[in-house]
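Take a look at the structure below.

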Amino acid sequence: MAELTLSMSQSLLFSPITLRNTQFRNRLWVAPMCQYSVEKHDGTAIDWHLVHLGSLARGGAGVVMTEATAVLPEGRIAREDLGIWNDEQRDALSRIVAEIHSHGAAAAIQLAHAGRKASVYRPWDAQRGSVPAAEGGWQTFAPTALAFDGYAEPLALDVPHIDSVVEAFAAAARRSAQAGFDAVEIHAAHGYLIHQFLSPLSNKRTDEYGGSAENRARLLLRVIKAVRAEIGDLPLIVRFSADDYAPGGLDANQVAIFARWAEKAGTDLLDISTGGLVGGVHIQLSPGYQVAHAAIVRDAVGIPVSAVGLITEAHQAEDIIRNEQADVVMMGREFLRNPHFPMKAAADLGEILSYAPHQYERAAYPIAMVEGAR
């Protein structure tokens, strides 16, 4: 190959961003994506997770985030999900963190409790709905004994059990820091437990955890403060669903209020998605269909916000950052299609990635920028 003659571009997507004391190499991050691959049903990461997440780091992402990682056994979405409720799980994840770091990316973990949407079959299983106890399923819990469409009815959490959930998030955060993760995300979206508390559609409580917006946000704010106390100066992220797509549910303006409270409680970045709380809703899908929700939240807070949802092209992602709709772009399915998407995006934007693997350098630059490329 002839000598490269290259000049640096002005891409914002590939500019660094700093949260607290941590700088991330770019603003193109891997969104959490469930893999349903723990065949032993013990929550412990296996080689699949190592190779899957490591390949995404190798491709040039700024941050690689794990799938929803349960803080309690009953908090798993499916039997095959990851967990971090014991030290064995922590140690297995630390191996994956080291692999992500070896490729220059930062590692983040999404801490989750699925609430009433737990104990279900995998998307590709022949069965649908809740897994019965005879097949390894378990009793689910929620703010109120209201079932998600087609799932088993949950038990309403009493206050001591709520306290134990907060403690479980704190313990999981502590293990996450011990494992070497660079950032921690609290999952308060997609109809899982914390989102169930936030929305009046799923929270019909009459105690201090129900009714007013302040009461419905009480669990979230307790979890944020408990996690912050365990992780020190590591960046803390909260994922919200900014629209329930149902009458009487949450919308972006209401979630912006929760976002301001989360910021005050110690959050450093808000990860804005939508949906997941109730079934049977109509969502008009289009490229970047959730970006407007992120922009509304961003206008209401003083911390960075990420956008996600059918973002598939380099210039589309660049425009989101450049137009100040979000500060970070997260992608999921596009990374599954192409784990090296950041290299392609950089080439499309005329950006030179100094951290592209040497073995892949011949693919890292636009053809037009290379004299005599072959």
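Strand β8 (residues 183-188) pairs with β9 in the parallel sense over five bridges. Two strands pair if DSSP finds at least two bridges between them. Helices (H or I, at least four residues) and strands (E, at least two) are DSSP runs, numbered from the N terminus. This is a predicted model, in which local features need pLDDT of at least 70, side-chain atom pairs count only at pLDDT 80 or more, and totals for chains, interfaces and linings use all residues. Residues are numbered from 1 along each chain as its sequence is written, and side-chain values use heavy atoms, with hydrogens and water left out.

**Strand β9**
- Ile186 stands opposite Val238 in β9.
- Six of the six residues of β9 (residues 236-241) are buried, so the strand is largely enclosed by the rest of the structure. Buried means under 20% relative accessible area, exposed over 50%, and partly exposed in between (1.4 Å probe, protein chains only).
- Leu236, Val238 and Phe240 point one way from β9, while Ile237, Arg239 and Ser241 point the other way.
- β9 and β10 run parallel and are joined by five bridges.
- Phe240 has Ile272 in β10 as its bridge partner. From β9 the chain crosses through α7 to β10, and this β-α-β crossover is right-handed. Right-handed means that, with the strands pointing away from the viewer, the path from the first strand over the helix to the second runs clockwise.

**Strand β10**
- Five of the five residues of β10 are buried.
- Leu269, Asp271 and Ser273 lie on one side of β10, and Leu270 and Ile272 on the other.
- Val238 stands opposite Leu270 in β10.
- Three bridges join β10 to β11, and the two run parallel.
- Leu270 also stands opposite Val305 in β11. The chain goes from β10 through α8 to β11 in a right-handed β-α-β crossover.

**Helix α8**
- Which residues of α8 (residues 291-300) are buried? They include Val291, His293, Ala294, Ala295 and Val297.
- The cover over these buried residues includes α7 (252-265), β10 (269-273), β11 (305-307) and α9 (314-322).

**Gly191**
- Gly191 sits in the loop between β8 and α4 (193-198).
- Gly191 counts as buried because its relative accessibility is 0%.
- Beyond its neighbours within four places in sequence, Gly191 is in contact (heavy atoms within 4.5 Å) with residues including Ala114, Lys117 and Gly275.

**Pocket and cavity**
- On a 1 Å grid over the protein atoms alone, a cavity is a set of points where a 1.4 Å probe fits but cannot get out, and a pocket is an open set with protein on both sides within 12 Å along at least five of seven lines; lining residues have an atom within 4 Å of a point.
- The largest pocket holds about 1,200 Å³ of space. A volume is the space filled by probe spheres set on the grid points, which are joined across faces, edges and corners.
- Its lining has 43 residues, and Pro32, His190, Tyr192, Ser273 and Arg333 lie nearest the centre.
- α10 gives the most to the lining of the largest pocket, with four residues.
- The structure holds one cavity of 30 Å³ or more. The largest cavity has about 40 Å³ of space.
- Among the residues lining the largest cavity are Val30, His49, Met65 and Leu82.
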